[in-house]
Amino acid sequence: MTQDNDKTHELIAFRIGAQQFCVDIRAVREIRGWAMATPLPQAPTWVKGVINLRGTVLPIIDLGARLGFGATEPSQRHVIIVARIGDKTVGLLVEAVSDILTVGSESIQPAPDVSCEAVRCFVKGVIAQEADMISLVSLDGILPEAELREAA
Amino acid sequence: MDPMEEIKATFFQECDELLADLESGLLEMEAGATDPETVNAVFRAVHSVKGGAGAFGLDTLVRFAHVFETTLDAVRNQTLEADAAVVRVMLRSADRLSDHITAAKAGEDLGEEGDQALIQELQAFLGDVEDDTAGDDMPDFGFKPMLISLGDDPAPLELAPVANGPWEIILRPQAALYRNGNDPAVLLRELAMLGQTTVTLDDSGVPDLNDLDAQGAYLCWTVSMPGTVEEDRIREVFEFADFDCDLTIRRSAGEGANEIVEAPLPVLAVEEAPAVPEPLADAPVEGEAFSLDAILAMARDAAAATELTGDVPAPQADVSDVSQAPAPQGSAVEASPPASAPPRAASEASTGSSATPTQQTIRVDLDRVDRLIDLVGELVINQAMLAQKVLEEGAAPSGSVALGLDDLEQLTREIQDSVMAIRAQPVKSVFQRMPRLVREVAGMTGKSVRLVTEGENTEVDKTVIERLSDPLTHMIRNAIDHGLETPEQRREAGKPEEGTIRLAALHRSGRIVIEISDDGKGIDRTRVKAIAVERGLIDADATLTDEEIDNLIFAPGFSTASTISDISGRGVGMDVVKRSIQALGGRITITSTPGKGSLFTLSLPLTLAVLDGMVVTVGDQTLVVPITVIVETLQPKASDIRGLGPEGTVLAVRGSHVPMVDVGQALKFPSQGNARAGVTLLVESELGGLIALRVDAIQGQRQVVIKSLEQNYRQVSGIAAATILGDGRVALILDVDGLVATRRPAVAPQQPLAQAS
């Protein structure tokens with residue numbers, strides 16, 4: 001994700017547990033409701049399976065599990081953010097989409113150094129909001145080929 | 001891609017087609033076809049390749065193509081007879097040309113060394129015909145085109161050419177010339193720049209207005225030029241018009257052609273060629289569209305002329321008939337620009353020269369077609385879901401909504417079939433590569449081989465075609481190398497010295513069947529068995545049926561050639577062929593009669609986009625098993641399932657024991673019930689051995705659309721692909737070989753093939 005200075009970013013904010021996260025809107029293709037996924041054999045725990053997105057077989061990534069929150073038990077309330085990562089289209093399972101933000105580059109602060117490995121890998125910055133903080137997630141590392149191969 | 005590269009890519013694409021035309025034309029000539037169309041088609045192919053190559057500066061290619069073309073020209077002019085020897089050299093030249101193009105595609109240059117032998121052979125043929133070619137890099141020779149009869153054309157003049165007499169150029173454009181944007185006026189002007197020209201128009205071919213085709217070509221010009229002009233220069237003028245007109249360039253005999261009226265016309269008059277010849281008697285409209293204005297002028301002339309002569313009863317109706325637009329005369333032609341008029345009439349006008357009317361095609365990016373196929377597959381699923389929901393909502397089964405949905409279903413199926421048909425192509429493109437292979441392998445082995453192909457127009461999915469090429473190549477190599485005997489052996493066996501390889505394609509029950517047969521010695525079963533024993537594939541005392549022995553040649557690492565030859569026996573054998581056919585969802589069988597030959601039969605699905613599958617339940621999941629691998633399904637008795645070692649289980653099937661794989665366990669899906677319940681699918685694995693797959697239940701058989709898992713995810717071992725079921729959910733398609741491989745340590749040692757049946 002390019003982060004040019006003095007540029008505004010449009011971001012989609014969503015909730016995982018009690019925390020707020022967001023991704024660059026340019027990566028997002030659509031947002032849809034949860035559908036039963038077909039589990040895949042030999043998949044990492046954070047891959048929920050595959051669903052049918054108008055004829056495309058779409059892998060579903062449990063973003064909560066990916067960020068280290070533990071597996072999500074999906075329900076009708078959960079949503080799937082369909083995002084483009086590189087040349088692949090994937091679905092990100094999150095609890096709910098909360099907002100669309102427009103922020104300037106200057107309001108994105110570098111992520112504070114915390115010990116959590118997953119946070120260090122995926123959280124590229126934080127945005128302060130009135131009484132809240134939103135973490136900007138970089139999708140680039142969500143589907144690393146190496147990790148997928150390892151998991152195989 | 002930069003524009004030049006794009007053009008180049010198109011050129012190479014066209015080259016492939018041209019080479020195919022070239023080869024098929026030459027093969028027709030080899031089979032005895034001498035008609036001008038075939039020869040012309042062959043010539044055109046080489047000429048077009050040369051032309052394109054010249055534009056890209058592929059000099060080596062151009063030089064070689066030029067020599068080839070020159071020899072072909074001699075055949076076209078009937079100064080050289082295309083006997084067997086000539087065609088053989090030409091076939092080899094076509095191969096070489098193809099090599100050149102392949103090299104050029106890769107950005108390489110083969111160099112000219114390899115061309116020399118062929119060039120010499122090609123030129124040697126010309127040497128027989130013309131003596132004055134010696135020492136001339138670009139031999140020119142008497143050009144005597146075939147005159148293509150258009151109506152009651154006068155017979156060609158038979159006049160002895162005079163060595164340095166004035167040139168007589170007869171130009172009879174065909175409709176294609178105009179369609180291709182050439183203009184005889186320009187040609188004539190260019191000729192005039194070479195020297196003093198005298199142009200005579202012959203408009204006797206112009207029909208009644210009734211019969212006139214606005215897109216047709218009816219005119220013929222005769223140009224006289226001083227004999228001092230070089231022939232090459234005259235030919236250059238016609239370089240791009242050559243195919244689309246009947247062109248005669250010759251030295252006039254003494255007094256000149258008797259029917260030529262010497263009427264010197266200034267160059268400017270030539271430009272106005274379409275208008276110059278005033279309507280004469282019943283020939284009101286001259287020639288062809290040069291420009292919109294010219295058409296207009298002609299139409300007016302025509303209309304005027306017909307009115308004057310009164311020969312044609314209803315001129316107005318005729319004009320509008322020609323233009324296919326019921327507009328007033330004069331403007332009628334304007335309303336129909338030449339490009340948009342139907343090509344039918346034009347091709348009729350040029351019958352005799354252009355071969356069978358070519359089908360109109362467009363080039364489409366494959367991705368677009370695939371996207372369309374995807375969407376249509378989706379449409380089918382959505383339609384099914386909609387129909388189900390409508391019924392669930394309680395609509396009457398024979399109500400108007402349900403009936404409407406039935407129609408919709410019919411339509412979507414039809415759309416699906418039509419879209420699938422876009423990807424279908426005749427197997428010709430693969431078959432056409434085989435003659436060359438046969439020639440080469442026959443040359444290497446010193447055997448004399450004739451290849452007979454049948455059913456070349458049988459259509460099958462493009463991907464299937466692409467992936468057929470390698471297995472077929474290998475099988476034909478094998479058939480020649482191992483199957484056919486040497487000419488001496490054949491003579492002794494009382495067979496013709498020339499062996500025959502037959503390659504046939506046909507549709508049978510929704511699949512394509514390809515047969516490769518030879519009339520060779522058949523499979524030497526004693527030797528095959530001995531080798532199998534030697535390689536440890538079977539026990540020395542195993543009793544095998546003939547069929548089982550024949551099938552041993554598909555076992556991995558099996559090679560019957562006692563010497564490893566250049567051609568086959570490179571370590572990969574029929575096992576690889578079998579595997580690649582199976583990967584396509586196909587099967588391969590062999591029948592062999594000692595002394596009579598062998599027949600390999602490949603049965604393949606028509607498309608890779610859909611697959612016939614057995615839908616099964618494993619745990620709470622639905623899986624699809626390709627029908628092609630399933631040998632039988634059975635519900636085994638608990639007593640037939642036996643443990644082998646701590647984890648392994650085998651299934652007793654009619655006396656032999658088959659390793660058993662629990663699909664749920666293998667894929668780590670939670671399985672219901674105990675391992676002894678459920679249904680067993682007996683499937684054929686990679687090695688030809690049988691494997692028993694245990695599933696919970698069989699739901700039924702259906703055709704499923706194959707969806708890639710790798711596109712957005714990655715390959716999963718044991719899973720071939722995914723599909724979408726009628727309820728909109730994704731189901732995984734089992735990859736039996738992959739599944740077995742993941743379980744390899746737990747599976748009993750490889751089953752010898754002999755036990756397989």
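B:Arg694 and B:Asp662 are both buried. In this predicted model, the two form a salt bridge, with their closest N and O atoms 2.7 Å apart. B:Arg694 sits in strand S19 (residues 690–695) of chain B and B:Asp662 in strand S17 (residues 656–662) of chain B, so the pair ties together parts that are 32 residues apart in sequence.

Other salt bridges in chain B can be read the same way. B:Asp519 pairs with B:Arg490, and the closest N and O atoms are 2.9 Å apart. B:Asp519 lies in the loop between strand S9 (511–518) and helix H20 (525–534) of chain B, while B:Arg490 belongs to helix H19 (residues 487–492) of chain B; this pair therefore links parts 29 residues apart in sequence. B:Arg490 counts as buried because its relative accessibility is 0%.

Next comes a pair within one helix. B:Arg436 and B:Glu440 are both in helix H17 (residues 434–445) of chain B. They are four residues apart, about one turn of the helix. Their side chains meet in a salt bridge at 2.9 Å, N to O. B:Arg436 is buried, at 17% relative accessible area. B:Glu440 is partly exposed, at 36%. Both residues belong to a network of salt bridges with shared partners, which also takes in B:Glu23, B:Asp95, B:Asp99 and B:Arg439. Over all chains, the structure holds 27 salt bridges.

Just after H4(B), B:Gly107 takes a positive phi of about 75 degrees.

Now turn to chain A. It has three helices and eleven strands. Along the sequence they follow the pattern β-β-β-β-β-α-β-β-β-β-α-β-β-α. Of its 152 residues, 48% count as buried. Among contacts in chain A with a separation of 6 or more, 57% come from residues 24 or more positions apart.

Finally, the interface. Here 25 residues of chain A are in contact with 21 residues of chain B. The buried area is about 2,000 Å², and carbon and sulfur atoms give 58% of it. On the chain A side, A:Pro41, A:Gln42 and A:Val57 lose the most area to chain B, together 28% of what that side buries. Between the two chains there are zero salt bridges. Four residue pairs are in polar contact across the interface. Strands S4 (47–53), S5 (56–62) and S7 (88–94) of chain A each give two or more residues to this side. S4(A) gives the most, with four residues. By type, the chain A side divides into 16 nonpolar, six polar and three charged residues.

Key:
Residues are numbered from 1 along each chain as its sequence is written. Chains are lettered from A and ligands numbered from 1 in the order in which they are written. This is a predicted model: local features need pLDDT of at least 70, side-chain atom pairs count only at pLDDT 80 or more; totals for chains, interfaces and linings use all residues. Side-chain values use heavy atoms; hydrogens and water are left out. Contact means heavy atoms within 4.5 Å. Buried area is the accessible area (1.4 Å probe) that two parts lose on being put together, summed over both. A salt bridge is a side-chain nitrogen of Lys or Arg within 4 Å of a carboxyl oxygen of Asp or Glu. A polar contact is a pair of N or O atoms within 3.5 Å; within protein, one must be able to donate a hydrogen and the other to accept it, and residues adjacent in sequence count only if both atoms are side-chain atoms. Ala, Val, Leu, Ile, Met, Phe, Trp, Tyr, Cys and Pro count as nonpolar, Asp, Glu, Lys and Arg as charged, and the others, Gly among them, as polar. Buried means under 20% relative accessible area, exposed over 50%, partly exposed in between (1.4 Å probe, protein chains only).
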